[in-house]
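Hi everyone, thanks for making the time.

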Amino acid sequence: MASAPERRVTVAANVSRLNARGRVTGLDLARGLAVVGMLAAHLLVISDAFVFAEPDTWVAVVDGRSSILFATLAGVSIGLMTGGSVPPRGTDLTSARVRIAIRAGILWVIGILLILTGVPIYVILPAYAILFLMTLPVLTWGARRLAVLASILGVVMPLLQVLLDELPIWSTPLGGDLSLAVGWNYPFPTWIAFVLAGLAVARADVRATAVQLRVLAVGVALALVGYGADAATGYGPAAEQGGWWPAVWTARPHSSGLLEVIGSGGFALAVIAAAVLLCRVTAVMWIVLPLRAVGAMPLTAYTVQLVVWALIAAVVLGDPSDLSGFRALEPFWPMTLGIIVLCTVWALFVGRGPLEGLLDRASGGSRARR
C-alpha cells in the first residue's frame with residue numbers, strides 16, 4: 001500500500017496531467033456533459049419534447065443531442081491525436097491511420113460485447129468505430145476543406161438517409177443483427193458530417209480564442225436555424241410516416257432528419273466551444289473537475305454504466321432487457337453520482353481510465369494528448 005507522501009505525489013501528478021497546458025481541458029468538460037446526457041437519455045423517462053419556454057421539458061435536451069455531441073467530439077479528438085492544426089504527412093500519416101484503425105477495431109469489439117449484455121439501448125460504439133475508419137482518407141485535409149465537406153454531407157445525406165433506412169436488407173432475418181453491428185441507429189452515412197465538423201474544429205486550432213468564438217457563433221446560428229425551422233414548419237412523428245419529405249424536414253431526436261443534423265450539429269459545436277471557453281477561467285476549471293474526470297475517461301464511464309445496468313437488472317429484475325422495470329428503480333441519480341465519484345477518484349489516485357489506457361497501449365500511444 002502506498003504511503004501518504006506517495007499518494008500525495010500521485011495525486012499531484014494526476015492533477016497536473018488533467019490541467020496540463022497542452023491539454024484542452026474544456027473538451028474533457030464537454031465529454032463529461034455528453035456522458036451525463038447519455039445517462040439521462042438512457043435512464044430517465046423523457047415524454048415531452050424540449051421547449052425552451054417550458055422548463056419542465058428541459059431534460060429532453062439530452063435526447064439525441066448527447067450522442068451527436070459525442071460524435072462531434074470524436075472528430076475533435078481524432079484531429080488533436082493526429083497533429084492538431086498541422087495535418088500529418090509521410091510516416092506520421094501512416095502511423096496515425098494505423099492507430100485510428102486499431103482503435104476502431106477495439107471500439108467495435110467492446111461495442112459488440114456491450115450489445116451482448118442484453119441492455120435495451122442502441123450501443124453507439126460500433127457506429128463510432130466505422131466513423132473512425134471513415135476519417136482515414138481525409139486526415140491530411142485542412143479546416144476549410146473539412147468544413148465544406150461536413151456542410152455538404154450534412155445537407156445531402158439526410159435527403160438520402162430516408163431511402164437508406166428503407167433498404168430491403170433491414171427487413172431480412174439478419175437485418176436486425178446487422179443494424180446493431182453497424183450502429184445504424186446512429187447511421188454513419190449521415191453522422192460522418194458531425195465527425196468531420198469536429199475534425200475541422202481541431203484543424204482550425206481549437207486552442208485559439210478566435211476559433212472558439214467563431215465555433216460558438218456558428219453553432220448557435222445553426223441551432224437557431226435548425227430548431228427554428230422545425231418549430232415553424234417541421235413535421236412531427238406521425239407525419240414522418242407519410243412520405244419522404246416529412247421524414248427529412250424534421251429535428252426529431254434520432255431521426256437523422258435535415259433539421260436535426262443542422263440544429264443538433266450546431267448545438268454540439270456550441271457546447272464544445274462554450275465548454276472550452278469556460279475552462280479558460282481557472283475557478284471554473286476546478287469547480288467542474290469531477291465532470292472533467294468523467295470526460296477524461298468517457299469510454300470507461302460509458303462501459304461501466306452498461307455493465308452495472310446489466311448486472312443490477314439481471315439480479316433485481318431477472319432480465320437485463322426490461323427497460324421500463326429498470327427505469328422504475330429510479331437509477332439515474334445513484335448511477336450518475338456513482339460514476340462521477342468513481343471517475344474522479346480514479347483520475348486523481350490512478351490516472352488514465354483503464355479502457356483509455358488499453359486503447360492507447362494497443363494503438364501505440366498518441367502523438368498529442370487531448
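**A look around the model**

Let's start with residues 253-359: this span is 79% helix and 0% strand, and its end C-alpha atoms lie 30 Å apart. In UniProt, an unreviewed entry lists these residues as "domain: DUF418". Do keep in mind that what you see is a predicted model.

Now to the inside. The largest nonpolar core has 92 residues, and Leu-125, Tyr-302 and Trp-309 touch the most other members. Helix 8, residues 188-203, gives this core its largest share, 11 residues. If you click on Trp-309, you'll find that it touches, leaving aside residues up to four places away in sequence, a set including His-42, Val-119, Phe-326 and Met-335.

Next, the aromatics. How many aromatic pairs does a search of the whole structure find? The search turns up nine. Take Trp-184 and Phe-188: their ring centres are 5.6 Å apart with the planes at 80°, so this pair is edge-to-face. Trp-191 and Phe-194 also form an edge-to-face pair, at 5.3 Å centre to centre and 85° between the planes. Because Trp-191 and Phe-194 are three residues apart in helix 8, about one helical turn separates them. Both are buried, Trp-191 at 2% relative accessibility and Phe-194 with a relative accessible area of 5%. Ring pairs also link Trp-170, Trp-184 and Phe-188 into a cluster.

Finally, two arginines. The charged end of Arg-145 sits over the ring of Trp-141, 3.9 Å from its centre. Arg-23, in the loop between helix 1 and helix 2, is buried at 12% relative accessible area, and its side chain makes a 2.7 Å polar contact with that of Asp-28.

Key. Residues are numbered from 1 along each chain as its sequence is written. This is a predicted model: local features need pLDDT of at least 70, side-chain atom pairs count only at pLDDT 80 or more; totals for chains, interfaces and linings use all residues. Side-chain values use heavy atoms; hydrogens and water are left out. A nonpolar core is a set of buried Ala, Val, Leu, Ile, Met, Phe, Trp, Tyr and Cys residues joined through side-chain atoms within 4.5 Å. Buried means under 20% relative accessible area, exposed over 50%, partly exposed in between (1.4 Å probe, protein chains only). Helices (H or I, at least four residues) and strands (E, at least two) are DSSP runs, numbered from the N terminus. Contact means heavy atoms within 4.5 Å. A polar contact is a pair of N or O atoms within 3.5 Å; within protein, one must be able to donate a hydrogen and the other to accept it, and residues adjacent in sequence count only if both atoms are side-chain atoms. UniProt positions are given in the numbering used here, feature names are shortened, and annotations may be inferred rather than shown by experiment. Rings of Phe, Tyr and Trp (its six-membered ring) pair if their centres lie within 6.5 Å; planes under 30 degrees apart count as stacked, over 60 as edge-to-face and the rest as tilted. A charge sits over a ring if NZ of Lys or CZ of Arg is within 6 Å of the ring centre and within 35 degrees of the ring normal.
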